[in-house]
Every structure is written in C-alpha cells, then in structure tokens.
Amino acid sequence: MKDEATPRNAGMTRREVIKTASLASLAAAMPGGLYAAGASERIKVGLIGCGGRGTGAAIDSANASPDVVIAAMADVFPDQQKWSLGRLKEKLPAERVTVTPETMFTGFDAYEKLLATDVDLVILATPPFFRPMQLKAAIEAGKNVFTEKPVAVDPLGVRSVIATSELAKSKGLAIVAGTQRRHQAHYIEIMKRVHRGDIGELVSGQCYWNMGALWVDRAAMNWANRIVEKWSDMEWQLRNWLFTIWAGGDHIVEQHVHNLDVMNWAFQAHPVKCSGMGGRAARTQPQYGNIFDHFAVEFEYPNGAKILSMCRQTAGATDNVCERVVGTEGFTYTDSADGYMKGAHPWESKEASPNPYVVEHADLIASIRAGKPLNEGRQVAESCLTAIMGRTSAYTGRALSWDWIMNASKLDLTPGPLEFGELPPLEVPIPGKTPLV
C-alpha cells in the first residue's frame with residue numbers, strides 16, 4: 001500500500017497517481033485471457049490485504065474452483081500476513097497454498113511487488129482508501145481483479161475506478177466487486193421480475209443496515225496497543241481503519257453500500273440528489289476514531305422516487321438489515337437469507353441461495369474462461385459514490401446533487417505521506433460547520 005513513496009511514483013501526488021489512464025497507455029494495452037489455454041489450467045491468485053475479509057475472500061476463491069491456488073500475499077503488516085497465511089493453511093489443502101517466502105511481500109509498496117509476479121488474478125482487500133490506486137496498478141499490470149467493496153472513499157477515488165474500469169475493458173480484463181448480492185440467487189430472481197415490471201412503476205423504497213456494535217474489542221485493543229507498542233498515528237489509524245474516515249470511508253460507505261447497491265440495481269440508475277443527517281450518539285470515545293455511528297439519508301432517483309436509507313452501529317439496539325422496493329402494483333423484500341414479492345405477481349424464495357461469497361468468485365472465473373470478462377467497475381463505483389454522497393450530506397448538513405459530487409467535488413481524503421509517521425489529529429465532522437469540499 002504505497003503511493004508517491006514508490007520509485008515509479010516519486011514526486012507525484014495521489015491525484016496524479018490515480019488519474020485517468022493516458023491514450024498512450026490505452027493504445028499499448030494487450031488483451032488479457034490467461035485461461036484461454038484450457039479450463040483446467042492452474043489459476044494463481046495473489047492476495048493484497050491480509051485481514052479477515054481478504055483471507056476469507058482467498059478461501060472463497062479457492063472454494064469456487066479446484067484450479068485456484070493462493071500463490072502470493074501482500075500486506076503492510078508482517079504480523080497480519082503471518083496470521084492470514086496460517087488461516088489459509090488451516091482452511092485449505094496444502095497444495096492449494098503455494099505461497100513461498102519469495103512471494104510474501106510487506107510494506108506500503110507490497111502490492112507493487114506482488115503485481116510484478118506471475119499471478120493471474122488478484123484480490124484487493126486492503127483498507128478501502130488504497131483500492132483505487134491498487135486497482136489501477138493491477139489492471140495496468142494485466143491482472144484480472146476481485147476487489148472488495150467499497151472501491152473508494154472519496155470522489156477522486158470513484159473517478160479513478162471508473163477510468164480504470166474502462167481501461168480493463170480495453171485490455172479484456174475482468175473486475176468483479178464484493179457486492180455479493182449481485183450474485184445471490186434470490187436477489188437475481190427478484191430483480192429480474194422487478195425489471196420486467198411485476199410490481200409496476202417503482203415509486204419508493206427503504207434500505208437498512210442497522211446492527212449492533214462492531215469491532216469494539218479490537219478498537220479498545222488497538223487504542224491500548226497504540227500506547228504500549230508506541231504505534232505511530234499512521235499505524236494506529238490503519239489498524240483501526242474501520243473507525244478512520246480516510247482509511248475506511250465510515251460505515252455508510254464501507255457497509256451500507258451493499259443496501260444502496262441493491263437500490264441502484266432495482267432502479268437501474270443512481271440517485272440524482274440526497275439530503276442526510278447523522279452523528280455520534282453511542283461511540284464517542286477516542287478509540288472509535290472520527291466516524292459517525294448512525295446515518296439517515298433520503299435519496300431521490302431520476303423518476304422522482306424517494307428512498308429512505310438508514311444505517312447504525314449501536315450495541316443493544318434492534319437489528320434490521322434489508323431492502324424494500326415499492327411499485328404501483330406491489331413491493332419486494334430482500335435480505336441476505338430471504339426474498340419475496342407481494343402484489344399483482346407474488347413470489348417468494350423457497351430455498352436458500354448458494355453461498356454468494358463463493359458464487360461471485362465462480363462467476364468471475366467462468367467469465368474469464370468464456371472470454372467474456374465481467375466488469376463491475378462502474379456499477380460498484382456509482383454505488384460507492386451514492387454512499388459517499390449520503391455521508392457528505394450528513395457530515396456537512398447540506399443537500400447535494402449527483403452532478404456536484406461526481407464532477408465538482410474536490411474532496412481528497414489523503415491523510416498525508418503514505419508512510420509510518422505522525423498525522424494530523426482526526427477531526428469529527430460537525431453538521432453545519434464541516435465545509436463542503
């Protein structure tokens with residue numbers, strides 16, 4: 001996870017590093033298609049970001065195809081990488097983990113070293129801030145990509161991902177995102193019915209990710225270790241990335257993006273404007289960084305329909321993680337385990353969907369082997385910007401338009417030099433006072 005500190009980026013800003021690819025690089029792009037030689041060819045996977053989700057994604061990739069081997073690993077923290085390798089060896093047969101000391105890389109430039117190996121496909125699961133630059137580097141290196149969501153934490157990153165997705169198309173490379181509901185059987189069936197008009201014209205909807213506390217023990221441990229281990233600001237904020245706006249994007253972007261992605265999918269569009277609110281009611285202690293613990297946002301879609309979006313991480317509060325889409329002739333309900341439709345054309349799921357965390361990897365591999373690589377770059381980028389727009393509205397107390405956040409916002413959450421050292425104090429946004437950038 002390195003930017004201007006790497007040799008090839010020396011003296012460049014993050015904005016320059018992740019800018020739109022030049023016409024010259026597009027002209028020089030060579031088609032991908034590493035699996036064309038045969039469906040039984042071994043698929044070498046490189047894991048960039050060795051946390052719990054990245055490790056889980058590597059296991060899911062291996063479970064999606066018997067030809068997958070985990071061949072390389074990269075992480076800024078050696079201890080995290082050691083833990084991840086142990087977990088992979090525990091969960092997968094020995095022959096499926098071919099990592100050697102020579103293919104294990106650490107430090108801020110670890111991802112670049114991994115991309116220089118002969119892996120066929122990479123999994124991007126570092127803190128979300130780093131994904132735009134790492135996605136760009138992976139596609140430029142000719143690798144197919146599975147990227148966890150969110151793919152960006154600010155508009156600058158979103159624009160970069162959209163540009164990179166176009167580069168991937170020109171090179172015949174795949175980008176599949178960790179918005180697994182797009183690969184979940186009962187969601188797919190309901191969306192097919194919605195899009196053919198089974199609930200009529202869409203007029204409204206609601207989506208929620210209201211849950212209890214998350215990673216509270218880890219936050220407390222990181223806060224203590226910051227003092228005992230004498231961590232720099234950068235190390236603490238990276239290890240505590242879920243609670244750090246610049247690194248994780250806040251939970252509306254990091255987590256609630258799933259629900260917002262479903263709404264964009266249903267409406268086959270992104271919202272045109274929004275107005276939101278939020279704050280810190282339960283998690284005000286410094287170990288929780290500078291993120292909010294609750295948001296409520298109203299999004300308006302191009303047809304005039306308005307969506308209520310709510311997300312909350314509060315211990316002891318009622319859980320509710322689902323989506324509801326309302327039409328003139330009925331409505332739908334979806335969550336991770338269930339789905340149904342009421343109204344003129346009722347339907348309900350009768351059996352559990354296959355594990356979407358595995359299916360998304362199977363779909364990725366199948367698309368490459370078929371010579372029709374999936375490219376979810378723009379779709380996930382727009383869903384992330386939907387969440388970023390809602391977050392920005394809540395932070396500032398201002399109503400926003402899509403055109404402004406996509407084209408005019410200059411927000412760049414880069415905290416400072418991407419190296420271990422001191423950083424400015426984390427600031428908690430205050431609606432009505434935090435400026436719109």
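Arg239 lies in helix α10, which spans residues 233–239. In this predicted model, the residue is buried, because its relative accessible area of 17% falls under the 20% limit for that class. Its side chain forms a polar contact of 2.9 Å with the side chain of Glu235.

When residues up to four places away in sequence are left aside, Arg239 touches Phe77, Asp79, Asn222 and Trp231. Val359 lies 120 residues from Arg239 along the chain, and the C-alpha atoms of these two residues are separated by 29 Å.

## Packing of α6 against α7

Two packed helices are described by the angle between their axes and the distance between the axes. Helix α6 comprises residues 131–140 and helix α7 residues 155–171; the two pack at an angle of about 15°, and their axes are 9 Å apart. Since angles under 35 degrees count as roughly parallel, α6 and α7 are roughly parallel to each other. Their crossing is left-handed.

On the α6 side, the contact is made by Pro132, Leu135, Lys136, Ile139 and Glu140. The α7 side contributes Gly157, Ser160, Val161, Thr164, Leu167, Ala168 and Lys171. By residue class, the contact of α6 with α7 divides into 6 nonpolar, 3 polar and 3 charged residues.

## Packing of α3 against α14

Helix α3 (residues 52–64) and helix α14 (residues 356–369) cross at roughly 60°, and their axes come within 8 Å. The crossing in which α3 passes α14 is right-handed.

From α3, the residues Arg53, Ala57, Asp60, Ser61, Asn63 and Ala64 meet Tyr357, Val358, His361 and Ala362 of α14. The residues of this contact between α3 and α14 divide into 5 nonpolar, 3 polar and 2 charged.

## Helix α13 and the residue that follows

Helix α13 is mostly covered, with 11 of its 11 residues buried. Among these buried residues are Val257, Leu260, Val262, Met263, Trp265, Ala266 and Phe267. His258, Asn259, Asp261 and Asn264 of α13 are likewise buried.

Gln268 follows α13 and has a positive phi, near 50°. This residue is placed in the loop between α13 (257–267) and β8 (273–279). Gln268 is exposed, because its relative accessible area of 58% lies over the 50% limit for that class.

## Backbone features in loops

Most residues other than glycine have a negative phi, and most peptide bonds are trans. Lys230 has a phi near 55°, a positive value in a residue other than glycine. Lys230 is found in the loop between α9 (216–228) and α10, and with a relative accessible area of 73% it is exposed. Gln268, described above, is also a residue other than glycine with a positive phi.

A further backbone feature concerns Pro150. The peptide bond from Lys149 to Pro150 is cis, with omega near -15°. Pro150 is located in the loop between β5 (144–147) and α7.

Terms used:
Residues are numbered from 1 along each chain as its sequence is written. This is a predicted model: local features need pLDDT of at least 70, side-chain atom pairs count only at pLDDT 80 or more; totals for chains, interfaces and linings use all residues. Side-chain values use heavy atoms; hydrogens and water are left out. Axes are lines fitted to C-alpha atoms, for helices over the stretch in contact, and angles run from 0 to 180 degrees between N-to-C directions. Helices (H or I, at least four residues) and strands (E, at least two) are DSSP runs, numbered from the N terminus. Angles under 35 degrees count as roughly parallel, over 145 as roughly antiparallel, 65 to 115 as roughly perpendicular and the rest as oblique. A crossing is left-handed if the near helix is turned anticlockwise from the far one by less than a right angle, and right-handed if clockwise. Contact means heavy atoms within 4.5 Å. Ala, Val, Leu, Ile, Met, Phe, Trp, Tyr, Cys and Pro count as nonpolar, Asp, Glu, Lys and Arg as charged, and the others, Gly among them, as polar. Buried means under 20% relative accessible area, exposed over 50%, partly exposed in between (1.4 Å probe, protein chains only). A polar contact is a pair of N or O atoms within 3.5 Å; within protein, one must be able to donate a hydrogen and the other to accept it, and residues adjacent in sequence count only if both atoms are side-chain atoms.
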